[in-house]
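Colleague: I've got a new model open. Could you walk me through reading its helices?

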Amino acid sequence: MRGLPDRGWLRHTVLIVVITALVVGVVLATRGGEGGHRAANRAQLKKACDGTLPYRDLAPRVPDGRKGELRQYGTMLAPGQDSRSLLDCTLSWGDGLEVTVHAEALVSGVPEETKTRELLEPDGGEGTFVAPGTTGQYGRHGAWLVADCRNGLAGRTRPTTDLYVRARVTDGDDADDAGGPDRSGRERAAALAGFRTAVHVANAITASQHCGGAPLPVPAEVLDTYEAHTDEPGRDLRKCRWIGDPAPHGVKSGRWTTLGDLQESGALSACVGDWDEEAEENDGASPEEWEITGVEAASWSGILGRSAYDAYEREGHVPGWGVDEERGTGSQDGSARGGDGGEDRISSYASRPQLALWARSVCGGRATYHRVSVLPEVRFDDGETAVLGAKDRARMSRAVRAVLERYLRSDDAWPRTAGCRETKVLGEVEQWH
């Protein structure tokens, strides 16, 4: 009789071992490469966003422990839908791990800042990332780009040939990264993932819409525009050397330091130059009052041109805006007639006083705006105002025209490489009022 409890104990032990083995097997299977939600999530990734996402890039990010959530809409998914978006899509796996894509056919303008200094010193001077060969930047909402669709994009009532795509790929920690000099490797990786995703989506859309033309190159790296201010990437670019090699007529001679954008775009370009007071060649030479010590030049084609012009217009910094009839400034022929030859007073509150000159060309078959400006040495002797006489104002006018002439005709500058033609000067703008 004493053997019966022993056999019962044995059966109980065997049952526990079997159950434990089954539980362990299930756990191990769940943790396997294609167990749990991973297989379903990867299948979802392939089809999400109308199948436009870069599967090979994003598949390694797909988690196993949580089911993906997809939210998407747009005219590509539902033709005839009343939406500004061709595609608006978010695929999320929780804990900040998600992919967000937005694509639209541009009609009125680019929803990004594109003025000269914003191309070179974005995000308030803290910089960002760009992908050479891609027209766009990495911003607070991800990487954005603009692409051509010469044959026209469907899905909007008004025809358009400009595609805007924005993409953001996050792993939950990107939002904690700081900008400027403390920018981390994680943010660089996020920028590259964003650009690669945006380019892949743009190429998928342009192919499906039969836009024509070659696909955008998928970037293998991104460049930090903040580093470009102190390191080699953006300094003394070949396309910007015309500023000080030698300096245009009316601009201070000597050693100049130049900075250019790194997008290598066929749709926009920007260069700035400053007379380098610390250069050995300039030792002992000080600029005189109203002598030109700074130069800016930029070009924008197609919808980027309209967007940039509109941005300056909102600030009153385009030809013909707020014309002073007595002095004739801002005239459509760009002349500085000077009226009665009187003086002009510039307040110390004026931000970067400069004289700009606008022109319009056809570059690469698209209407293109050019803007150049000269920045003088301004001295506020009384601490509040500087007095600009008629002769110095006339010299500035001649200098800004010489800068435009050099910019348009230099073999290495963007207008010549873009094949610009049929240029018309639009007028000057005094940016100190």
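Predicted model: local features only at pLDDT ≥ 70, side-chain atom pairs only at ≥ 80, totals over all residues.

Colleague: How many helices and strands does the protein have?

Modeller: Helices (H or I, at least four residues) and strands (E, at least two) are DSSP runs, numbered from the N terminus. Here there are 8 helices and 16 strands.

Colleague: What share of the residues is buried?

Modeller: Buried means under 20% relative accessible area, with a 1.4 Å probe and protein chains only. Of the 433 residues, 48% are buried.

Colleague: Why is H6 described as largely enclosed?

Modeller: Because 9 of its 12 residues are buried, the rest of the structure largely encloses H6. Among them are Leu304, Tyr309 and Tyr312.

Colleague: And what is the span of H6?

Modeller: The expected span is 1.5 Å times one less than the number of residues. H6 (residues 302-313) reaches 17 Å from first C-alpha to last, close to the 16 Å expected.

Colleague: Where is the kink in H2 centred?

Modeller: A bend is the angle between axes fitted to the seven residues ending at a residue and the seven starting there. In H2 (residues 38-51), a kink of about 30° is centred on Gln44. The buried residues of H2 include Leu45 and Cys49, and their cover includes helix H3 (55-58) and strand E1 (69-73).

Definitions and conventions
Residues numbered from 1 in each chain as written. Heavy atoms only, no water. Buried < 20%, exposed > 50% of the residue type's maximum accessible area, 1.4 Å probe, protein only. Contact = heavy atoms within 4.5 Å.
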